[in-house]
Amino acid sequence: MDMNKDALFRGEFEVIKELIAALPDAEASKRECDKVIDKNGPPKTGGTGIKQTRENIAESKLSYEIMDDAAQAFLKQKIMDNIHKYFYLIVFTAYIREAALLCKDAASEDDRKTLALTGGKVSTPADQLKLPKTFVQYMEEHANLRTVVDEGKGKLQWERDIPADALANIEALAAKDFKGNLGQIIHDIYQTAHGLFRDLPLGDHKKRAKYRFASKTLMRVLPGDLKVEVEGLIDKDAMTMDLYEILGYCTWGKGKA
């Protein structure tokens, strides 16, 4: 694994950090699991297979913010499902590592004499190996891990954070005179979006990401009574969280709703 890559590509998701804290052998198990994942990845990542699970999660996460709402809902579920799989691959690796130690220690004196290698290890034939417990039994002993993954697989930053100073400026304009400053508010929201998404290539995806950001940020700074009204209309499917729809309601459509 290339340690120079982004933390997401290294599989350092929040729930995996929680796993490492909860299971003593999880860190070593992750390293061993990652080697197998890398080997099963495509040639461009040094593998001989088709799909590199860990980087596929990271690539999907990077694509998330440029998708439309329907695609985002699907992709979010896919990302969480794959993190769920990655989590259990690491746990299964820990289970196998523990089983290997137990099998080694369980070798009889006769086995040690007849099957011992030069270095002292015991090479038990595969057809004679017996796992001391099933994976289900192992998970019953570590039942807390089920809660960890169920509650943690969605712990990702799904949206980019607006800089605190930019948000404070926009909120101040909205609080002073929302309608009077509405033009400046929209200008400043887009100016912030331009800097926030400067890493994205030019094109429809970038426009969509900035537009979605503008829609959500405007919704965030609406005055209290107006925000309640707009949220109510959205809940009733009378409008959507769309920048132009929100603007339309705030300017000339409020009296017609």
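# Reading accessibility, ring pairs and helix packing

Q: What is the relative accessible area of Tyr211?
A: In this predicted model, the relative accessible area of Tyr211 is 22%. Buried requires a value under 20% and exposed a value over 50%, so Tyr211 counts as partly exposed.

Q: How many aromatic pairs does the structure hold?
A: A pair of aromatic rings is described by how far apart the centres lie and by the angle of the planes. There are 10 aromatic pairs in this structure. One of them joins Tyr211 and Tyr244: the ring centres are 5.6 Å apart and the planes stand at 65 degrees, so this pair is edge-to-face.

Q: Where in the chain are Tyr211 and Tyr244?
A: Tyr211 belongs to helix α10 (residues 204–221) and Tyr244 to helix α12 (residues 243–253). They are 33 residues apart, and the pair links distant parts of the chain.

Q: Which residues form one aromatic cluster?
A: Phe92, Tyr95, Phe135 and Tyr138 do.

Q: At what angle do the axes of α1 and α7 cross?
A: Two packed helices are described by the angle between their axes and by the distance between those axes. Helix α1 (residues 14–22) and helix α7 (residues 144–152) cross at roughly 160 degrees, and their axes come within 9 Å. That angle makes α1 roughly antiparallel to α7. The crossing is right-handed.

Q: Which residues of α1 and α7 meet?
A: From α1 come Val15, Glu18, Leu19 and Ala22; they meet Asn144, Leu145, Val148, Val149 and Gly152 of α7.

Q: How far apart are the axes of α8 and α9?
A: The axes of helix α8 (residues 164–177) and helix α9 (residues 182–196) are 10 Å apart, with a packing angle of about 170 degrees. That makes α8 roughly antiparallel to α9. On the α8 side the contact is made by Ala166, Asn169, Ile170, Leu173 and Ala174; on the α9 side, by Gln184, Ile185, Asp188, Ile189 and Thr192.

Q: What span does helix α2 reach from its first C-alpha to its last?
A: Helix α2 (residues 26–39) has 14 residues and reaches 20 Å, close to the 20 Å expected at 1.5 Å a residue. Its buried residues include Ala26, Cys33 and Ile37.

Q: How far apart are Leu102 and Lys133, in sequence and in space?
A: They are 31 residues apart in sequence and 9.9 Å apart in space, C-alpha to C-alpha. Leu102 lies in helix α4 (residues 69–105), and at 38% relative accessibility Leu102 counts as partly exposed.

Key. Residues are numbered from 1 along each chain as its sequence is written. This is a predicted model: local features need pLDDT of at least 70, side-chain atom pairs count only at pLDDT 80 or more; totals for chains, interfaces and linings use all residues. Side-chain values use heavy atoms; hydrogens and water are left out. Helices (H or I, at least four residues) and strands (E, at least two) are DSSP runs, numbered from the N terminus. The expected span of a helix is 1.5 Å times one less than its number of residues. Buried means under 20% relative accessible area, exposed over 50%, partly exposed in between (1.4 Å probe, protein chains only). Rings of Phe, Tyr and Trp (its six-membered ring) pair if their centres lie within 6.5 Å; planes under 30 degrees apart count as stacked, over 60 as edge-to-face and the rest as tilted. Axes are lines fitted to C-alpha atoms, for helices over the stretch in contact, and angles run from 0 to 180 degrees between N-to-C directions. Angles under 35 degrees count as roughly parallel, over 145 as roughly antiparallel, 65 to 115 as roughly perpendicular and the rest as oblique. A crossing is left-handed if the near helix is turned anticlockwise from the far one by less than a right angle, and right-handed if clockwise. Contact means heavy atoms within 4.5 Å.
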